[in-house]
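Please look over the sequence and the fold before reading on. The paragraphs that follow go through the structure part by part.

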Amino acid sequence: MICFLQSAEQCQFVKEVGMDKIKYSATVLKNEELQPEIFSLLLEVGEIAEYAVPGQFIDLYSKEKSRMLPRPISICDVDKAAKTMKIVFRIAGEGTREFSKLAEGEKVDVVGPLGKGYDLPSAEDENDHILLGGGIGIPPMLYLAKTMSEVGIPKSNIKTVLGFRDDNTFLVPEFEKYSEVYITSDNGAAGVKGNVIDGIKEYGITGNNIYACGPTPMLRGIKSYAMENGIKAQISLEERMACGIGACLACVVKTEEVDDHSKVKNKRICKDGPVFYAEEVNL
């Protein structure tokens, strides 16, 4: 059963109850189209902002009762002081189309933050960190870059490679606040022609840790690249989800080890992930 969060005081039992049991009403502060059919939605989420970590997602619920299942969308940014959360999404169906039309002041039901995020480096970690985002996998990397900066990682040690389809880029100025930014595009209209791995090679980027989010073919290539070069890689998987809290086993990935929950070699992307170490999963 999912309970509704009505006040800040109720947040005291968040850790005991779990984020996947709390549905709350978020207020739309801003909704803008960044590029054709790609929208940025700024939400006032109250005390929940305090618990979000890079790599997690939230479930958004449609007002249309025929669309019962929530839509999982990665967290792009969080301002804990202002108690706000930003998500960036591409219209993929009627649910996300509905969210693209939300107006300032409207309410939307949300559950989360959900899932396992990235393991973060400490301020004492002097290694270079490579952040790779492709397509709609770009937004969650922004909160990661911001958080790395906040814990004391110098901007020069955070290398972000963003992969776009063409010259319709988005969020680049925001990334430049926290990291060195490199651009690639499928057709070469912006930055290096090719994918993010091509970008790493063409720009001569080196590092000891990779953090990535994007489509499965991209992540498959990143896993191979990381293993060939002895680099530790954390990857955030994209998958269609039903419940979003690990109950239905609709979003699973094959793994090297037997999962304690299902007793087979798979893990739930929504609950055990969406972030995994590359060597954990078979893509």
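In this predicted model, His129 stands opposite Asn209, a residue of strand β12. The two strands concerned are β8, residues 129–134, and β12, residues 209–213, which pair in the parallel sense over five bridges. Both strands belong to an open sheet of seven strands, whose order is β11-β10-β9-β8-β12-β13-β16 and whose pairing is mixed. At the edges of this sheet are β11, residues 192–193, and β16, residues 275–277, each of which pairs on one side only. Helix α5, residues 196–203, packs on the sheet and touches β8, β9 (158–164), β10 (180–185) and β11, with its direction making about 130 degrees with that of β9. Helix α6, made of residues 216–228, lies across β8, β12 and β13 (232–236), and runs at about 170 degrees to β12.

Tyr118 and Tyr211 form an edge-to-face pair, with 6.1 Å from centre to centre and 70 degrees between the planes. This pair links distant parts of the chain, since Tyr118 is in the loop between β7 and β8 while Tyr211 is in strand β12, 93 residues apart. Tyr118 counts as buried at 6% relative accessibility, and Tyr211 counts as buried at 3%, where the cut-off for a buried residue is under 20% relative accessible area. In the pair of Tyr182 and Tyr203, the ring centres are 5.1 Å apart and the planes stand at 50 degrees, so this pair is tilted. Because Tyr182 lies in strand β10 and Tyr203 in helix α5, the pair ties together parts that are 21 residues apart in sequence. Tyr203 is partly exposed, with a relative accessible area of 32%.

Another helix to find is α3, residues 139–150, which has twelve residues and reaches 18 Å from its first C-alpha to its last, close to the 16 Å expected at 1.5 Å a residue. Is this helix mostly covered or mostly open? Helix α3 is mostly covered, as ten of its twelve residues are buried. The buried residues include Pro139 and Pro140, followed in the helix by others, among them Met141, Leu142, Tyr143 and Met148. The elements against which the buried residues of α3 pack are β5, β6, β8, β9, α4 (172–176) and β12, and two of these, β8 and β12, are the parallel partners described above. Just after α3, Gly152 takes a positive phi of about 110 degrees.

Strand β6, which is among the elements that the buried residues of α3 pack against, spans residues 84–90, and six of its seven residues are buried, so the strand is largely enclosed by the rest of the structure. With strand β3, residues 38–44, β6 pairs in the antiparallel sense over seven bridges, and Ile38 has Arg90 of β6 as its bridge partner. Strand β5, residues 71–79, also pairs with β6 in the antiparallel sense, over four bridges, and here the bridge partner of Asp79 is Thr84 in β6. Between β5 and β6, which form a hairpin, there are four residues, and Lys83 in the turn has a positive phi of about 60 degrees.

Is Lys101 buried or exposed? With a relative accessible area of 62%, Lys101 is exposed, because the cut-off for an exposed residue is over 50%. Leaving aside its neighbours within four places in sequence, Lys101 is in contact with Asn31 and Glu106. Asn31 lies 70 residues from Lys101 along the chain, and the C-alpha atoms of the two are separated by 7.9 Å.

Finally, the parts can be set against the whole. The protein has six helices and 16 strands, and buried residues make up 51% of its 283 residues. Of the contacts between residues at least 6 apart in sequence, 62% join residues at least 24 apart. The protein exposes about 13100 Å², and carbon and sulfur atoms supply 47% of that area.

Note on methods:
Residues are numbered from 1 along each chain as its sequence is written. This is a predicted model: local features need pLDDT of at least 70, side-chain atom pairs count only at pLDDT 80 or more; totals for chains, interfaces and linings use all residues. Side-chain values use heavy atoms; hydrogens and water are left out. Two strands pair if DSSP finds at least two bridges between them. Contact means heavy atoms within 4.5 Å. Axes are lines fitted to C-alpha atoms, for helices over the stretch in contact, and angles run from 0 to 180 degrees between N-to-C directions. Buried means under 20% relative accessible area, exposed over 50%, partly exposed in between (1.4 Å probe, protein chains only). Accessible areas come from the Shrake-Rupley method with a 1.4 Å probe; for residues, only the protein chains shown count as cover. The expected span of a helix is 1.5 Å times one less than its number of residues. Rings of Phe, Tyr and Trp (its six-membered ring) pair if their centres lie within 6.5 Å; planes under 30 degrees apart count as stacked, over 60 as edge-to-face and the rest as tilted.
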